[in-house]
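Please keep the sequence and the structure in view while reading.

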Amino acid sequence: MNSEKLFATNTTQSSKDNVLIVGGGPAGLATALMLAKRGWKNITVLEKRPSADYYELDKSFSYQIDGRGQKFTDFLDLTQQLSTISVPSTEFYLTTIKPNGSRKTFKLPIVDSKRKTAYWLPRRAFLLLLYQEIERNWQNYIKVLFNTSCLQINKIAINNAEEKLEIIVKQENGSIVRYEPNLLVGCDGLNSIVRNTLKEWDNQSSSDRFEMKLFPSPSSGLRYKVLSLPPNLPLDHSGEEHAVSTMAYAIRGAFKGRKRSVSLGLLPLKNPDELRTANIITYPDHQIWELKNSEQLYDFLEPAFPQLPIHQIVSPQEADRFAQSEGGSFPIPQYCSGLHFLLKTNQSCATGIVLLGDAIHCFPPDIGQGVNSALEDVCVLNEALSRSNDDILQALPLYESLRLPDVKALVRLAQTAFPWQYNQDPLRRNLWSVNFFLRLLLSRLLPFVFSSPAFLLIQNQQLSYQQIWAMAQRTTQILYLLGLIFILGYLAVVLKLAEI
């Protein structure tokens with residue numbers, strides 16, 4: 001059937017494709033590219049947003065594509081292109097600006113020598129990189145449909161021994177299309193319709209394979225908003241100091257206390273003409289969530305940041321948009337243990353469903369592994385397909401067995417590795433810092449006994465998440481044992497002295 005004619009109509013019709021991918025974010029586009037390079041054809045990607053580089057102010061995240069994520073960009077020979085549109089970690093400079101205007105610039109040290117150069121860039125720039133690769137080299141294999149939503153996923157019995165998939169999709173023009181893919185890929189995030197459908201199907205067997213398992217962390221539930229700022233914005237009232245696009249900034253506020261303290265965090269950009277975005281991260285009961293219009297926002301921001309010319313860098317339109325925005329919340333670290341589902345089918349025409357990215361593991365941005373773990377999911381799926389000669393019946397269970405141990409470890413690392421970095425509790429952050437530097441010191445003195453802090457180990461792409469979690473747990477156990485020995489020794493000395 002001619003899909004071009006199908007999309008131009010408003011009637012309900014059917015279309016057959018080998019692969020249907022729900023979600024056109026990093027995991028979805030990367031999966032499409034991986035499958036195309038493997039020789040798969042008729043790959044369709046469904047994306048609700050209007051374009052690959054669609055600019056969402058409250059979701060204008062920056063990515064750091066590290067060595068783990070570069071396993072995928074290396075696979076597609078995209079790492080060189082990535083480097084030209086990014087700011088490398090080797091050139092990451094941070095300037096802190098205090099309320100009195102004093103500032104300090106320093107280069108972040110590369111503590112782990114085994115860490116590959118990572119690259120900072122906006123989310124939409126990375127998505128555009130992947131989409132342009134599709135447009136240049138894979139148009140005959142991959143079709144990306146924007147403004148398109150997956151409405152329903154059905155499992156239809158053909159006979160007692162066979163089932164097929166029916167996916168009902170709503171197109172931009174309002175037409176309803178039915179797909180019958182051999183492979184359905186769920187890359188549609190935490191609230192995945194694909195995973196939720198599998199959970200409904202699986203509930204009939206009293207299983208919880210597709211139920212998210214929660215592991216709360218100190219950063220869970222923090223709320224965030226993104227303030228859009230002009231390029232080259234002034235950083236003082238005299239107008240002599242302007243922001244440099246490739247520089248990161250931490251602008252400290254003057255207010256104190258949990259409900260008023262606030263900071264602005266700006267990550268680096270390669271393009272000097274691109275808007276800067278400032279992340280504001282607070283507890284849900286912070287005063288900033290009570291501000292409803294531009295006047296109230298200005299009344300808060302001006303005394304909060306006396307070092308900045310607020311009216312020059314925040315337009316009235318942006319102030320109103322920001323005040324009315326609901327922002328977002330950091331999720332609880334979570335994962336599901338079911339990464340695939342196979343339908344009843346004959347050996348000659350297997351049909352299956354596979355999940356990747358936030359659909360199977362989701363957590364706050366504490367450890368910078370959201371996009372990198374999703375890209376690594378794609379690489380593991382590629383490995384499973386290679387081992388099984390692209391046989392879905394073998395590849396999907398193999399993918400789950402290879403990836404699930406790392407998924408579990410990843411979520412535990414997200415729960416513990418660096419949850420206090422948002423200044424939400426200075427005392428606990430200081431205690432965490434003591435623990436961090438103690439582990440770092442011990443790992444330098446006795447590297448065969450103690451491992452480096454997990455936050456640093458994550459940056460070593462040669463280690464799996466499972467290995468990192470095991471190393472961190474081993475060091476924790478040794479520290480507990482040494483602490484117990486110290487306490488018992490201290491008590492023994494006290495008792496000895498008491499006898500004297």
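In what order do the six strands of the open sheet lie? The order is β9-β3-β2-β13-β22-β21, and the pairing is mixed. The model described here is predicted. The points below begin with this sheet and then turn to hairpins, a helix, ring contacts, cysteines and backbone angles.

**The six-stranded sheet**

- The sheet is open and has mixed pairing, and its edge strands are β9 and β21 (340-342), each of which pairs on one side only.
- Direction ignored, neighbouring strands of this sheet are turned against each other by 15 degrees on average.
- Within the order given above, β13 stands beside β22; strand β13 (residues 183-186) and strand β22 (residues 352-355) pair in the parallel sense, over four bridges.
- Val185 stands opposite Val354 in β22.
- In a regular strand, side chains alternate between the two faces of the sheet.

**Two hairpins that share strand β11**

- β10 and strand β11 (residues 162-170) pair in the antiparallel sense over nine bridges, and they form a hairpin with two residues between them.
- Across this pairing, Lys155 stands opposite Leu165 in β11.
- β11 is also joined to strand β12 (residues 176-179) by four bridges, and these two strands run antiparallel.
- Val169 has Val177 in β12 as its bridge partner.
- The hairpin of β11 and β12 has five residues between the strands, and Gly174 in this hairpin takes a positive phi near 90 degrees.

**Helix α2**

- Among the buried residues of α2 are Pro26, Leu29, Leu33, Met34 and Leu35.
- Gly39 follows α2 and has a positive phi, near 100 degrees.

**Aromatic rings and charges over rings**

- A search of the whole structure finds 13 aromatic pairs.
- One of these is formed by Phe215 and Tyr335, which are stacked, with 5.8 Å from centre to centre and 10 degrees between the planes.
- This pair links distant parts of the chain, 120 residues apart: Phe215 is in the loop between β14 (213-214) and β15 (223-229), while Tyr335 is in strand β20 (residues 334-335).
- Tyr335 counts as buried, because its relative accessibility is 8% and the cut-off for this class is under 20%.
- Ring pairs also join Phe418, Trp432, Phe436, Phe437 and Phe455 into a cluster.
- Lys155, described above as standing opposite Leu165, has its charged end over the ring of Trp201, 4.8 Å from the ring centre.
- Arg223 lies over the face of Trp289, at 3.6 Å from the ring centre.

**Cysteines**

- How many disulfides does the structure hold? The structure holds zero disulfides.
- Cys187 is buried, with a relative accessible area of 11%.
- Cys362 is buried too, with a relative accessible area of 6%.

- Asn147 is not a glycine, yet it has a positive phi of about 50 degrees.
- Is Asn147 buried, partly exposed or exposed? Asn147 is partly exposed, with a relative accessible area of 27%.
- Asn389, which is also not a glycine, has a positive phi of about 55 degrees.
- Asn389 is found in the loop between α10 (370-387) and α11 (392-416).
- Asn389 counts as exposed, because its relative accessibility is 69% and the cut-off for this class is over 50%.

How values were computed:
Residues numbered from 1 in each chain as written. Predicted model: local features only at pLDDT ≥ 70, side-chain atom pairs only at ≥ 80, totals over all residues. Heavy atoms only, no water. Phe/Tyr/Trp six-rings, centres within 6.5 Å; stacked < 30°, edge-to-face > 60°. Buried < 20%, exposed > 50% of the residue type's maximum accessible area, 1.4 Å probe, protein only. Lys NZ or Arg CZ within 6 Å of the ring centre and 35° of its normal. Disulfide = S-S within 2.5 Å. Pairing = 2+ DSSP bridges. Axes fitted to C-alpha atoms, helices over the stretch in contact; angles between N-to-C directions.
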